[in-house]
Amino acid sequence: MNTKIFKFNAFLAIYGLLKIPLLVFIGPKVVSMTDKKFVIKIPLGYRTKNHLNSMYFGALGVGAELSIAAPAVQVIAESKQKIDFIFKDFTAQYGKRADGDVHFICDEVAAVTSLIEEAKKNPERLERKMKGYAIVPSKSEEPVMTYELTLSVKNRSLKS
C-alpha cells in the first residue's frame with residue numbers, strides 16, 4: 001500500500017475517533033489519491049446496509065461528502081493556514097442500487113485545490129460546486145449515484 005494512502009487512512013481513523021465517530025463506525029478507506037482523482041471506499045456491511053441489502057442513504061451521503069472533503073483536508077494541511085470548510089448544499093441522483101462495496105470518486109481534485117489556493121489569499125468566504133459519482137466496482141463501472149456539493153471555504157488566518 002502507498003505510504004501516503006496509509007497515512008491518510010490513519011488520519012481518517014484518528015480524526016473520526018476524536019471528532020466524527022460516524023466515520024469510525026462505517027469505516028471509509030482511501031483507495032486512491034492523486035492530483036486529479038480521489039477515491040473513497042465504504043464497505044457494504046451490517047453497519048451500512050438497509051433493509052433491502054443495499055447501502056443506506058446516510059452512508060452514501062457520508063461517502064459523497066468525504067470524497068470531496070478528503071482532498072480539501074489534504075490541501076489545507078499542506079497550506080499551514082487556518083482554512084475552515086463546510087458543505088453548503090447536497091444534490092444526488094441515484095441510478096441503481098448500491099449492493100456492494102461502494103467507491104466514491106471525485107475527479108475534480110484540481111478544482112478543490114484551486115479553491116483552497118484562492119482562499120489562501122482571500123479573507124472572504126469562497127464557494128464552488130463540486131461533482132462526483134459512486135460505483136460498485138464488483139458489479140459494474142456504471143455509476144450508481146452522481147452527486148454535487150457546494151464546498152464553502154474561509155481563511156480564518158486572514159482578517160476581512
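**Charged pairs and the interior**

Modeller: D101 has a relative accessibility of 31%, so it counts as partly exposed. The model is a predicted one, and this value, like those below, is computed from it. The partner of D101 in a salt bridge is K41, with 3.9 Å between the closest N and O atoms. This pair joins distant parts of the chain, since D101 is in the loop between strand 3 and strand 4 while K41 is in strand 2, 60 residues apart. K41 is likewise partly exposed, because its relative accessibility is 27%.

A further salt bridge is formed by the side chains of D84 and R156, at 3.0 Å from N to O. Because D84 belongs to strand 3 and R156 to the segment after strand 6, this pair ties together parts that are 72 residues apart in sequence. Both ends are partly exposed: D84 has a relative accessible area of 28%, and R156 has a relative accessibility of 43%.

E117 and K120 also meet through their side chains in a salt bridge, at 3.1 Å from N to O. E117 is partly exposed at 32%, as is K120 at 24%. Elsewhere, salt bridges link D89, K129, K131 and E148 in a network. In the whole structure, the search finds 10 salt bridges.

In soluble globular proteins, nonpolar side chains tend to be buried together. Here the largest nonpolar core has 43 residues, and I68, F104 and L151 have the most contacts inside it. Helix 3 supplies the largest share of this core, 11 residues. Outside its sequence neighbours within four places, I68 is in contact with residues including V112, F87 and L151.

Helix 3 itself is mostly covered, with 17 of its 23 residues buried. It bends by about 30 degrees at L66. One of the residues of helix 3 is Q74, which counts as buried because its relative accessibility is 16%. Apart from neighbours within four places in sequence, Q74 is in contact with K4, F8, M33 and F38. Just after helix 3, K80 adopts a positive phi of about 60 degrees.

Technical notes
Residues are numbered from 1 along each chain as its sequence is written. This is a predicted model: local features need pLDDT of at least 70, side-chain atom pairs count only at pLDDT 80 or more; totals for chains, interfaces and linings use all residues. Side-chain values use heavy atoms; hydrogens and water are left out. Helices (H or I, at least four residues) and strands (E, at least two) are DSSP runs, numbered from the N terminus. Buried means under 20% relative accessible area, exposed over 50%, partly exposed in between (1.4 Å probe, protein chains only). Contact means heavy atoms within 4.5 Å. A nonpolar core is a set of buried Ala, Val, Leu, Ile, Met, Phe, Trp, Tyr and Cys residues joined through side-chain atoms within 4.5 Å. The bend at a residue is the angle between axes fitted to the seven residues ending there and the seven starting there. A salt bridge is a side-chain nitrogen of Lys or Arg within 4 Å of a carboxyl oxygen of Asp or Glu.
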